[in-house]
Amino acid sequence: MRAMPSQSIHCCVTSPPYYGLRDYGVDGQIGLEETPEAYIARLVEVFREVRRVLKDDGTLWVNIGDSYAGNANSGGSNANEGGPAVRIAGLKPKRGEGVKQKDLLGIPWMLAFALRADGWYLRSEIIWHKPNPMPESVKDRPTKAHEQIFLLSKSPKYFYDADAVREPAQNRPFDPTLKAIKRHGTAWLNNAYAPGASGFGNHPNGRNRRSVWTVAPKPYKEAHFATFPPDLIKPCILAGCPEGGTVLDPFGGSGTTAQVAIENRRNAVLIELNIDYVELAQKRLARLAAISTAAPVADIATARARRAVPATKHTTELPLFAALSEGAA
Ligand SMILES: C[S@@+](CC[C@H](N)C(=O)[O-])C[C@H]1O[C@@H](n2cnc3c(N)ncnc32)[C@H](O)[C@@H]1O
């Protein structure tokens with residue numbers, strides 16, 4: 001990312017590796033830190049660089065799951081990350097200060113607060129409600145059926161196309177009369193109910209998007225890790241990036257972000273540490289190119305540079321950035 005020009009990206013849609021859940025098989029990967037605090041600190045560093053490459057009116061949409069203190073066998077099963085499990089045998093995420101065995105760590109809000117403290121505007125907590133969550137063998141708490149997506153912006157005013165992501169309104173007819181506008185002003189245009197004969201009606205194109213999104217997890221069949229269901233990130237891309245603009249995913253995985261961006265006439269830049277996943281994303285996007293007439297392009301930073309710049313545990317130069325210095329043209 002350090003090789004990317006500042007202010008070159010309209011919006012970032014991403015899902016970092018969750019804390020203590022998976023071994024992605026590459027040195028320097030994020031998610032296996034000794035403490036939640038160390039994990040959050042690394043993510044803040046990555047997102048600081050995302051802020052630099054974002055345009056001033058750009059947004060960040062970050063999906064992040066939670067984890068329990070302890071390990072899978074001690075009553076503290078880990079986050080509800082979908083997809084085929086490649087769990088890390090014997091990994092016990094260390095507990096942070098004041099955290100007890102079995103405690104929910106609160107990773108999403110730890111990250112949200114840390115990003116806010118680092119200069120981001122924290123604008124929305126979106127709940128991804130999963131109608132078919134991963135089954136859990138717990139008997140002392142409800143089964144987890146949601147994750148968070150945080151919407152953050154670089155500036156207090158930013159690009160957000162509310163009209164592109166309206167949702168069906170519930171009831172009442174739309175009343176566009178001058179009388180209604182005179183009586184109630186136009187603020188209602190953005191809300192669920194517009195003034196109607198009885199005082200309220202609907203916006204003709206639906207109500208302003210709500211903050212709970214119900215989307216079934218949908219693994220990408222060739223990936224052995226959790227992937228975005230395309231329907232989950234489509235609203236993020238439509239609201240956050242104008243047509244012809246560019247979407248960044250610094251944790252590119254199987255390339256879902258690029259696929260949805262291209263299908264919706266946006267460009268994409270992916271960064272991925274694991275060369276196998278880079279190839280997976282390349283194949284997926286090549287298939288898309290074969291069936292699509294869309295002009296947009298996806299650049300994928302390969303992880304080859306990591307061999308030239310091996311990661312050590314203590315370096316602040318993440319392999320992510322090493323990868324970028326070679327890829328992400
Ligand atoms: C949860 S997955 C993202 C999946 C993606 N949203 C999709 O739909 O396919 C997280 C990805 O981050 C990658 N990753 C882990 N540490 C990284 C790092 N330091 N730099 C870049 N990528 C990293 C992993 O290899 C993995 O592919």
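1. A definition to start with: two residues are in contact if their C-beta atoms, placed from the backbone, lie within 7 Å. Please keep that in mind for the helix pairs below. Please also remember that this is a predicted model.

2. Let's begin with helix α1 (residues 36-53) and helix α2 (residues 107-117), whose axes come within 10 Å and cross at roughly 45 degrees. Angles under 35 degrees count as roughly parallel and those from 65 to 115 as roughly perpendicular, so α1 and α2 are oblique to each other. The crossing of α1 past α2 is right-handed.

3. Which residues in α1 and α2 meet? On the α1 side they are Pro36, Ile40, Leu43, Val44 and Phe47, and on the α2 side Ile107, Met110, Leu111, Ala114 and Leu115. Sorted by class, this contact has 10 nonpolar residues, with no polar and no charged ones.

4. Now turn to helix α4 (residues 230-240) and helix α5 (residues 256-263). Their axes also come within 10 Å, and they cross at roughly 60 degrees. The pair α4 and α5 is therefore oblique, and α4 passes α5 in a right-handed crossing. From α4, the contact takes in Pro230, Ile233, Lys234 and Ile237; from α5, Thr256, Thr257, Gln259, Val260 and Ala261. How do the residues of this contact of α4 with α5 divide by class? There are 5 nonpolar, 3 polar and 1 charged.

5. Strand β3 is worth a look of its own. Between β3 (residues 121-129) and strand β4 (residues 146-153) there are 8 bridges, and these two strands run antiparallel. As one example to find on screen, Glu125 has Phe150 in β4 as its bridge partner.

6. Strand β3 is also joined to strand β7 (residues 212-214), by 3 bridges, and here the strands run parallel. To locate this pairing, look for Ile127, whose bridge partner in β7 is Val212.

7. A word on confidence before you read further into the model. The chain has a mean pLDDT of 80, and 73% of its residues reach 70 or more. Over residues 72-90, however, pLDDT stays under 50, and the model gives this stretch 49 contacts beyond four places in sequence. Residues 303-329 likewise have pLDDT below 50, with 58 contacts in the model beyond near neighbours in sequence. Where pLDDT is low, the predicted coordinates should not be read in detail.

Definitions and conventions:
Residues are numbered from 1 along each chain as its sequence is written. This is a predicted model: local features need pLDDT of at least 70, side-chain atom pairs count only at pLDDT 80 or more; totals for chains, interfaces and linings use all residues. Two strands pair if DSSP finds at least two bridges between them. Helices (H or I, at least four residues) and strands (E, at least two) are DSSP runs, numbered from the N terminus. Axes are lines fitted to C-alpha atoms, for helices over the stretch in contact, and angles run from 0 to 180 degrees between N-to-C directions. Angles under 35 degrees count as roughly parallel, over 145 as roughly antiparallel, 65 to 115 as roughly perpendicular and the rest as oblique. A crossing is left-handed if the near helix is turned anticlockwise from the far one by less than a right angle, and right-handed if clockwise. Ala, Val, Leu, Ile, Met, Phe, Trp, Tyr, Cys and Pro count as nonpolar, Asp, Glu, Lys and Arg as charged, and the others, Gly among them, as polar. pLDDT is the predictor's confidence in each residue, from 0 to 100.
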